[in-house]
Amino acid sequence: MSRRRIRARFTIAALATFAIVVVFTFRLVDIQVVQAAQLNQQSYDSRSIEVTTYGTRGEVVDENGTVLASSVDRYNITVAPKVILGTHGVDSTLMKNLDDIAAKTGQNVQDLVAAVTKDPGSNFAYLAKGVDTSVFRAVRDLRIAGVAFEYAPARVYPQGATAGNLVGFMGTDGPLAGVEQMENTCLAGTNGTESYERSQDGVQLPGSTVTQKAAQNGGTVKLTIDADLQWFVQQALGEQVQAVQGSWGTAMVVRVKDGHIMAAADYPSVDPNDVNGAPRDASGNLILGSRAFTNSYEPGSVFKPMAMAALIDQGKATPTTQTIAPGWFTTPGGERFTDAWAHDDIRYTLAGVLVNSSNTGVSSLVERVSDQTRYQYMQKFGIGTTTAVHFPGEDKGILRPASQWDDLSRYEIGFGQGVTATSAQVAGIYQTFGNGGVRMPLTLVEGCEHPDGIVTDVPSTQGTRVVAQKTANEMVNILEETVTQGSLKSTVHIPGYRVAAKTGTAQVALPNGQGYGPDHIVSVAGVAPADDPQYAVVVTIGMPHTITTSAAAAPAFSKVMSQTLTTFRVQPSTKPAPYIPLTW
Amino acid sequence: MSALPLALARDERDRPPIEVAPTRAQRKRRPRLVYAIVSVAGIAVILLAQLLLSMLLSQGAYTISSLQTQQKEYARDVDDLTEQQQLHSSTQYLAASASALGMVSNTHRVFLRLSDGAVLGTPQAASASDGGIVDPTGDLVANAVAPKVPASIAASAGQDGAGTTATGQGGAAPSGAATGGSTQGGSAQGDAAQGDSSSAPTGPSALDGTAGTDAAGSATGGDVLPSPVTH
C-alpha cells in the first residue's frame, strides 16, 4: 500500500466523520433550538391534562336569606359502547352490569341496553342524565369499565312554586323567565380551565397545576320577597280563586315606605322545578311568568280614588264636596251608562261617591279638572309606563293621551274602563296613597352581591311626589269608610286594625272589540293600618263564576292583609277612625 | 558510565532485598484512600437521601392526591346535605308535615294591643272545618322537589286519632312503624320515634310523653296509655 493511498483513505474517513458530525449537529440544533418549543409542547400535552373548573351560578334568596334558587351537583352517566360491548356484545356479564346500573338509577334496563347498542362502534353515549350525588356514587362504586361520568351542575328551586312566578327558571341554554333572566349577568358564573401533569398511573405531579383561567362564581341575588308570606299569599289566593271558580288571580303586598314588594302571587303559577308540568291557560299555553307584571286589564273602580285625588289635589273638591249621582249618566255625545245597581238621583258627597263606587257620581265630578291634568296625574301615578321592576315581558298597559280621549272614554277612564293597568301598577297607586302621596319605585330585587362582597344592581330609592300629603291622607280616610260603612263591611275585618280599601268590579271587553261581555275582573286594593299605613295589598281575581262582584276577592284580601300585619308585627291602630259624611 | 550499574548488580546479590522507603510526602499521601472511601460513601449517602427524598415527595403527591379526592367527596357531601336541608325546610314540606300531624291553621285571628293590654278579636279554637290555608283545600303551591312526608309523621298523627278507640296496642303499632321508617333519615322522624318509645315502656313516662307532644292527644290518650304495654 502506497503512502498516497493511505493518505487518501484517511482523508475519506475524516471527511465521512466530519459529514456525520455535521448531520448530527444539524439535527441537534434542529431539535434543541428550532423545534424545541413545539416538541416541548407535544411532550407537555401528552403528560398534562386540562380540566374545566366550574363557576357556580349564584343563588336567588329572599329578604331573609331563604334560598329560592340554587345550583346543585348533578352528573351524567356516559358509556363507551365500543369498550363495553367489546367483541362479545350483549352477554350475561354486560346484562348484569346494566341491571346493577338500572337498579341504582331507577331506569328500565331495556333503555340502557338500547342506549348501548344504538351505535355499537361509537365511543360515547349517555346512559342517564342529571343523577344526584348518591346515585353517582353508587354507580361509580360498581367500577364498570367503559362507564364514565360528566359533571353537569343543575338548578333547583327548593321552595317550588313559592315565588316560582318571580324567580323564573333555566332552559338548557340559559335563563328563560323571571329573575333568572332579569339578573342573568349577576347570577351567571364563568367556567375556568386548569391543567396539571400526571404520572402514568394518573397521579397529579406535585406543583404542576397551572390555572389558565380562574373560574368565577356568580353573585347572589336578594329579592325583597318574604318567602313565607309569599307562600301564604299564593295559597290564600289559590283557595279563593278555586272557591269562586275564577280563571286566574294575582295578589301583591307592597311596603309603602319604600315600594318593596313583599309578595307577588299569581294563580295558577309555575313550579320552576317542573316547567313542562306547568298549568295551562284557556288556549293551552303554559303559564310560566307572572301575570301581576305581564298582563294588564281594565281595572275598574280601583282607579276611582286616583281620579278623585286629582280633584282634591288641584283644590277643585274636598272629601265633603256635594254632588248628585244620577241613575243614568248621559255624556255630551249621547253615550249613556249607569251604576252597578239601579237608583234614582242620590245626593252623595265625594266620599260617598267613592265608598259606594258610583260611576255616575264620579262622572259628575271629574269634569272639574281638564283632561290633560287628569292624564298627567295618572302618568305620575305610574299608569302607562312599566314599573321600576322591569320584569321580563312586563306590560305597560294602555293609557291614551288626553288628546285622544273621546266622548265616552273621558268619563269611563275615571272609573277604570277604557284604560288598562297591571296589578303591579295598581299596587303602585295604593302605595302612593299609603306613603303620603310619594310614589316609590316598585322594587323586587334588593341587590346582587358578588363573591368579592361588592353589591351591585341596587335599585333607586328616589320617590316621586304625586299628590300632597294632605290629599293622600284624606284619600286613605275616605277609603277607610268603604271598610267601616261600605261594601267591605262584612268581608274585610281585622280586629284592632283600621283598614282602608277600595273594591273594583270591571267588565271585560269582548275580544272582537264589540263592547263588553259577561265576564268580570274583580279586585280589592287597600292599605293598613289606616292611621299609619305600612302595607298596600291588591288582590285581583279574573272571571269569577260563583260570585261576580268584588266580594269574590274580599276574603282573600282580608286574609292576606292580616297575615301581612302579623308577619311584620305591625302595631294595632290606636286612634279611632274619623267620620266623613257620605250623603247630604 | 557503565561501571555504576554493574556495581549495583553486585550489591543486590550480596545484600538482603531492600524496599523503597516511602518518603514523608509519600506517607502523607497514603490516607487519600480514606478520603476516597469517605467521598464515595458520601456520594452514596447523597444519592440515597435523594432517592428517599424523591420517594417521600412522590409519596406526598399520592397523599395530596388522595386528600384532594377526599376533599372533593366532602364537598359533595356538603352540597348534597345542603340541598336536602333546603328541600326539607321548604314551606310545602313543613305544611304537609304539619297537616300530617293533624295541625290546622287558626283562621280566627286575635291580637294583643301592648299599649293597654287589650285582646282584639274573639279567641276561638282552630278546627279542621274552618277551611282555608292548606287544610282541607290542600296545598295549591306545587313543589316537585319537596320531600315526601315520612310515614312516621303520619303514623304518629294516626296514633293521636286512634287514641280515642284503641287500647295499648294502638300505641305499639305506630311506634314500630316509626322506628322502621327512621332508617331513611330525617330528624323529624327521630322526634316522632322518641315520643312513641318514651310513651310505651312505663306508665309514668308515658304520661310525660303525651303531655309534651300534643294537647289534644293527652286529653284522650291520657286515660288510655298508662295501661301496661309489653314489647
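How many bridges join strand E2 of chain A to strand E10 of chain A, and do these strands run parallel or antiparallel?

1. Strands E2 (residues 60–61) and E10 (residues 220–223) of chain A are joined by 2 bridges and run parallel. For a landmark, take A:Val60, whose bridge partner in E10(A) is A:Val221. Please keep in mind throughout that this is a predicted model.

2. The pair belongs to an open sheet of 6 strands in chain A, ordered E7-E3-E2-E10-E18-E19, with mixed pairing. At its edges are strand E7 (154–156) and strand E19 (455–456) of chain A, each of which pairs on one side only. Chain B comes in here too: its helix H3 (residues 32–88) lies across strand E3 (67–72) and E7 of chain A, and runs at about 155° to E3(A).

3. H3(B) also meets a helix of chain A. The axes of helix H6 (residues 133–140) of chain A and H3(B) come within 10 Å and cross at roughly 145°. From H6(A), the contact uses A:Thr133, A:Phe136, A:Arg137 and A:Arg140, while H3(B) supplies B:Glu73, B:Arg76, B:Asp77 and B:Asp80. Sorted by class, that gives 6 charged residues, 1 polar and 1 nonpolar.

4. Within this contact, do look at A:Arg137 and B:Asp77, which form a salt bridge with their closest N and O atoms 2.6 Å apart. The pair crosses between chains, from helix H6 of chain A to helix H3 of chain B. A:Arg137 has a relative accessible area of 17%, so it counts as buried, whereas B:Asp77, at 27%, is partly exposed.

5. A second salt bridge worth a look joins the side chains of A:Glu480 and A:Arg498, at 2.6 Å from N to O. It links distant parts of the chain, 18 residues apart: A:Glu480 is in helix H18 (residues 469–484) of chain A, and A:Arg498 is in the loop between H18 and strand E21 (500–509) of chain A. Both partners are under the 20% cut-off for burial, since A:Glu480 has a relative accessible area of 2% and A:Arg498 stands at 12%. Back at the chain A–chain B contact, salt bridges with shared partners join A:Arg137, A:Arg140, A:Asp141, B:Glu73, B:Arg76 and B:Asp77 into one network. Over all chains, the structure holds 19 salt bridges.

6. Next, a hairpin in chain A. Strand E11 (residues 248–255) and E12(A) run antiparallel and are joined by 6 bridges; A:Gly249, for instance, has A:Tyr267 as its bridge partner in E12(A). The turn has 5 residues between the strands, and A:Gly259 there has a positive phi of about 70°. Strand E12 (residues 261–267) is largely enclosed by the rest of the structure, because 7 of its 7 residues are buried.

7. A:Ala388 sits between helix H15 (371–380) and helix H16 (409–412) of chain A, and at 42% relative accessibility it is partly exposed. Its C-alpha atom is 5.3 Å from that of A:Pro441, 53 residues apart along the chain. Leaving aside residues up to four places away in sequence, A:Ala388 touches A:Pro441 and A:Leu442.

8. Finally, some overall values for chain A. It has 19 helices and 23 strands, and 51% of its 584 residues count as buried. Of the contacts between residues at least 6 apart in sequence, 73% join residues at least 24 apart. The accessible surface comes to about 26000 Å², with 51% belonging to carbon and sulfur atoms.

How values were computed:
Residues numbered from 1 in each chain as written. Chains lettered and ligands numbered in written order. Predicted model: local features only at pLDDT ≥ 70, side-chain atom pairs only at ≥ 80, totals over all residues. Heavy atoms only, no water. Pairing = 2+ DSSP bridges. Helix = DSSP H or I, 4+ residues; strand = E, 2+ residues; numbered from the N terminus. Contact = heavy atoms within 4.5 Å. Axes fitted to C-alpha atoms, helices over the stretch in contact; angles between N-to-C directions. Buried < 20%, exposed > 50% of the residue type's maximum accessible area, 1.4 Å probe, protein only. Areas by Shrake-Rupley, 256 points an atom, 1.4 Å probe, with all protein chains shown as cover. Nonpolar A, V, L, I, M, F, W, Y, C, P; charged D, E, K, R; others polar. Salt bridge = Lys/Arg side-chain N within 4 Å of Asp/Glu carboxyl O.
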